[in-house]
Amino acid sequence: MALPDFFATGDFLKKTLKQRYITSAFILLVSTVIVKIISAVYKIPLTTYIGATGRGYFSVAYNLCMPIHAITMGAFPLALTKLVSTFDAKGDTEKIAALRKASKKLFFIVGAVGMLIMIIFAKPYTSLISSSPKSIYTVFALAPSVFFSCLCACHRSFAEGFLDMKPTAVSQMIEALFKMVFGLLFARLSMSYLFNSYLDTSTVFGISVSTDNEALSVIYPFTSAFAMLGATFGSIASYIFAGIYTNIKYKYSNLKAIHSKSAYDELLTFSATLVGATAIQSIANFIDTSSIQYCLSLCNPDALAQQYVNTGDDVLSYVFGIYALNLDFKNLVPSIVMALGITAVPAVSSAYESSSENFSHLITNIFKYTVILSVAGGTFLALFSKEILSVFYLKNNPDIVVNATQLLFWFGVTSLPCAAASTSVFCTQSLGFAKQTIAPFSVSALVRVGLNFLLITNSNINILATAISNFAGFFIILVWNMITISKKTNAKFNIFQIFLKPVLCGIVTYFATDYIKLSFYGEAFRLSVFVQCILICLLLFAFLLIITKSISLKEIKSLK
């Protein structure tokens, strides 16, 4: 059976599977870092427009969206990538073409259902669970993005099956840019219009207000919703690009209906277990986040107000907003590391399906790279928690720097399992063992929720407890899945090489850089000093990785 044009021999196929993995992962890593930088820059002026309270509304909308998003953007794309990579390894191009046709129909249906679920559950969730009824407008503004993101995922995951990460990398950068540009534009215009309306008429949408704080309390839900429209615009632009890219690059012949139906059924069958596992994971994360909000409501508001300066009238929403602000930085590490997990799906699947002798070596390296990135990111957050927040918020929101630094430090210290767990899940599911991921998700959820109720309700600890509960819960997921992979495939993991050496490099880097920072620069924040310390930290960590042979120069050269 002749291979189509996009399988033509060349440098891409001359590379080993490990080299292809490293190259593809690097492309996705770079784009993810760029996206996170754009997102961070975007949130500085955004917070100026909508405040920490408005960020709380954003978080409520995303909390409802995440379980739906995880299934629509997690289970089905993973299934498509897995099947494409499997049939690619077998050289069955007709099956690949059938999957291409069937996936378009499936992803359209899944995206539409996901959007409807968000719209239907918006009111009960915002009113009864999150105790934030004003955030309903933000939920409605976000809902269409589920549909278009799902359509985009159809094209991206198909290309990922060939370890082609270009459409994923570029489309997510386009999405971030549109989200920033239109989000800020809509937030600024809506804030200007509504606040001027208050100044002129002492009303906002017909609601009488007498002070600036009262006016902002009415305005923030609407400016948050208008800002959220940027996310929807971004998802549309991302879908358009990914569709154009894959339709041009990946040609396929017209198929008889029976072939398309067979592929559709196979895609559904393989997705079924993934959907179950992803649903459990999503429910677990949803319960965890909801328990954080609920446990905060059990704290003494007066005690919280004494610990956090300038909280305003709604102290609970403010503290949860501080938590949400920290997640912007805390989630940087798992988001970047996730690129390794996403790229691992086709690589691991191909190696395992072809009975590659290098399977054990490949998966060991995947976990090693994951841990190295996780340790690097965690060390950076812990070492520069105050400086990071100062860069973004010191000028316009100095209270955030004061109130959020300690939590960000502990998020950095405990980031390793939180970041590495996703790779363990992706690898386990790509090998066809999705059912085995359900148990660790369930146990992890119980542990996290239990620790939330035990610790967050203590007003002296409150939101700081989330670092502990996250560490414990994701540690269970990471270890459990690695054990599953080892038992099912007989893969052997070198714990010293994977974990202990990178962690030791991170610890030495932290204390050495911290000593240099305090001894030569002091504690006062200066941007030039911050940049110098970052360079010292990166160079020292890279040097330690090389001299401990945690990573070799040969692996770096394979990026070429």
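Trainee: How many helices and strands does the chain have?
Mentor: This is a predicted model, in which local features need pLDDT of at least 70, side-chain atom pairs count only at pLDDT 80 or more, and totals for chains, interfaces and linings use all residues. Residues are numbered from 1 along each chain as its sequence is written, and side-chain values use heavy atoms, with hydrogens and water left out. Helices (H or I, at least four residues) and strands (E, at least two) are DSSP runs numbered from the N terminus. On that basis the chain has 19 helices and two strands.

Trainee: What is the radius of gyration of the chain, and why is the chain described as being as compact as a globular protein of that length?
Mentor: The radius is taken over C-alpha atoms, and the globule rule is 2.2 Å times the number of residues to the power 0.38. For 560 residues the rule gives 24 Å, and the chain is close to this, so it is as compact as a globular protein of that length. The radius of gyration of the chain is 24 Å.

Trainee: What percentage of the residues in the chain is buried?
Mentor: Buried means under 20% relative accessible area, exposed over 50%, and partly exposed in between (1.4 Å probe, protein chains only). Of the 560 residues in the chain, the buried share is 54%.

Trainee: Which residues touch the most other members of the largest nonpolar core?
Mentor: A nonpolar core is a set of buried Ala, Val, Leu, Ile, Met, Phe, Trp, Tyr and Cys residues joined through side-chain atoms within 4.5 Å. The largest such core holds 46 residues. The residues that touch the most other members are Tyr 21, Ile 363, Phe 367 and Cys 427.

Trainee: Which helix supplies the largest share of this core?
Mentor: Several helices each supply at least two residues of the core, including H2 (17-90), H11 (359-383) and H16 (465-489). The largest share is nine residues, and it comes from H11.

Trainee: Which residues does Cys 427 touch, not counting residues up to four places away in sequence?
Mentor: Contact means heavy atoms within 4.5 Å. With residues up to four places away in sequence not counted, Cys 427 touches Ala 344, Val 348, Ile 363, Ile 366, Phe 367 and Ile 485.

Trainee: Is Leu 163 buried or exposed?
Mentor: Leu 163 lies in the loop between helix H4 (136-160) and helix H5 (166-201). Most residues other than glycine have a negative phi. Leu 163, although not a glycine, has a positive phi of about 60 degrees. At 3% relative accessibility, Leu 163 counts as buried.

Trainee: Is Lys 549 buried or exposed?
Mentor: Lys 549 also has a positive phi of about 60 degrees although it is not a glycine. Lys 549 lies in the loop between H18 and helix H19 (553-557). Its relative accessibility is 66%, so Lys 549 counts as exposed.

Trainee: Which residues does Ile 388 touch, not counting residues up to four places away in sequence?
Mentor: Ile 388 lies in helix H12 (residues 385-393) and, at 5% relative accessibility, counts as buried. The C-alpha atoms of Ile 388 and Phe 329, 59 residues apart along the chain, are separated by 8.7 Å. Not counting residues up to four places away in sequence, Ile 388 touches Phe 329, Phe 380, Leu 381 and Phe 530.
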